[in-house]
Amino acid sequence: MSRIWPLARRHGFDVLIVLAALESALELVLRQDAAEAPTTTLWFTVPAIALLPLPLLARRRFPFAAPATLWLLAAALSFVDGRLVTFAVSSFAAGLAAALLLGNLRDETQARVGLAIVAAAAVTIVYNDPNHTGGEFVFTPLVFVIAWLAGFALHERAEQAEAAEVRAARAEAERDAAARIAVAEERARIARELHDIVAHAMSVMVLQVGALRHKAEPGEREVLEGIEDTGRTALAEMRRLLGAMRRVDDGLELEPQPGISRIDPLLDEIRRSGLPVELHVEGEPFPLSHAMDLSAYRIVQEALTNTLKHAHASRADVTIRYGSSDVQIEVRDDGAGAAHGDGLGHGLVGIRERVKIYGGEMSAGRVNGGGFVLSARLPLAP
């Protein structure tokens with residue numbers, strides 16, 4: 001069935017065209033004695049009436065010429081025998097299909113020309129029919145004009161759907177590009193912070209080695225002096241790398257890097273911004289490494305900033321759980337849910353990148369009963 005359906009969609013209309021040609025020829029043979037039957041001999045009328053719908057088989061290659069040829073051929077046959085085209089029901093159905101195809105053309109100029117061909121050919125066929133009435137000059141062309149309008153409406157709808165798909169694809173591509181930029185900028189920001197921490201640790205090591213060198217024995221001083229020189233060289237390279245990584249608008253950070261121990265000033269700042277927030281600490285607090293301490297602080301900061309900007313919450317709760325093998329952070333609010341960042345590398349993108357550094361886990365989403373919760377777990381050991 002999975003193979004038959006695409007095949008039927010592609011060639012089903014072609015089968016109907018062939019059946020219409022056969023039905024027209026068969027109807028002409030079986031009803032040749034009818035009062036409204038064509039008067040021309042069968043050797044001409046049978047092939048002619050069977051040939052009439054066949055141009056539609058070329059509609060994919062010639063979307064304008066194929067249906068237009070059907071109507072021009074029908075008008076031409078009406079001059080030979082006025083009853084020939086109007087005799088078979090299948091010819092009427094083929095004319096409706098051709099009018100719809102002309103209205104469905106992408107080129108509006110060709111579609112309008114097709115409308116003129118349909119109207120003119122329909123009037124000509126009615127005029128050449130010896131059994132025509134006055135009302136048929138209006139109603140018969142009107143039926144085919146309505147079919148053309150239906151095709152034109154389908155074309156407009158298809159164009160709107162295609163435009164919507166293009167806009168959706170463009171928006172998705174822009175979101176992907178913005179996400180990649182946000183990840184890259186957040187990783188650079190994290191790298192700068194970690195390099196600051198490493199540079200500070202190296203400075204302390206160099207100073208300690210220098211102090212130890214002055215107290216060491218003469219034989220040990222040369223070794224310590226070499227270690228000190230290597231440390232100073234590495235520290236100079238680290239500072240040069242930091243200078244290359246910083247952006248022009250970063251400025252100088254004169255304050256020490258924050259951590260979980262300095263989270264109370266952050267919560268006070270959020271409260272002053274209009275969002276009541278409560279801190280809950282579970283377990284026995286213990287000192288974290290400088291890098292993890294900073295990342296934990298940033299996770300809480302980004303989560304609360306997202307809540308303040310996007311969630312429209314009336315309160316928030318921050319829970320920090322100290323475990324034997326990890327530190328868990330949970331930020332919960334009663335709002336509509338935080339956004340996925342502001343396109344500048346913040347928000348959930350930054351939190352996810354920080355958690356990924358330590359091989360941790362992160363989840364975020366709405367909860368039953370309303371609200372939004374963000375959870376992050378930072379394992380103490382890699």
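Rings of Phe, Tyr and Trp (for Trp, the six-membered ring) are taken as a pair if their centres lie within 6.5 Å; planes under 30 degrees apart count as stacked, those over 60 as edge-to-face and the rest as tilted. The structure is a predicted model, in which local features need a pLDDT of at least 70 and side-chain atom pairs count only at pLDDT 80 or more, while totals for chains, interfaces and linings use all residues. Residues are numbered from 1 along each chain as its sequence is written, and side-chain values use heavy atoms, with hydrogens and water left out.

By the ring criterion, five aromatic pairs were found. In one of them, the ring centres of Trp71 and Phe144 are 4.8 Å apart and the planes stand at 85°, so this pair is edge-to-face. Distant parts of the chain are linked by this pair, since Trp71 belongs to helix H3 (residues 65-80) and Phe144 to helix H7 (residues 136-215), 73 residues apart. Helices (H or I, at least four residues) and strands (E, at least two) are DSSP runs, numbered from the N terminus. Trp71 and Phe144 are both buried, where buried denotes under 20% relative accessible area, exposed over 50%, and partly exposed the range in between (1.4 Å probe, protein chains only). Together with Phe92, Trp71 and Phe144 form one aromatic cluster.

A stacked pair is formed by Trp148 and Phe152, with 5.3 Å from centre to centre and 15° between the planes. These two residues are four apart in helix H7, and therefore about one helical turn separates Trp148 from Phe152. Trp148 is buried, with a relative accessible area of 6%, whereas Phe152 is partly exposed at 21%.

In helix H9 (residues 263-272), the buried residues are Ile263, Leu266, Leu267 and Ile270. They span an arc of only 95° around the axis, and so lie on the same side of H9; the arc is that of the directions from the helix axis to the C-beta atoms. Their cover includes strand E1 (277-282), helix H10 (290-311) and strand E2 (316-322), contact being defined as heavy atoms within 4.5 Å. Just after H9, Gly274 adopts a positive phi of about 110°.
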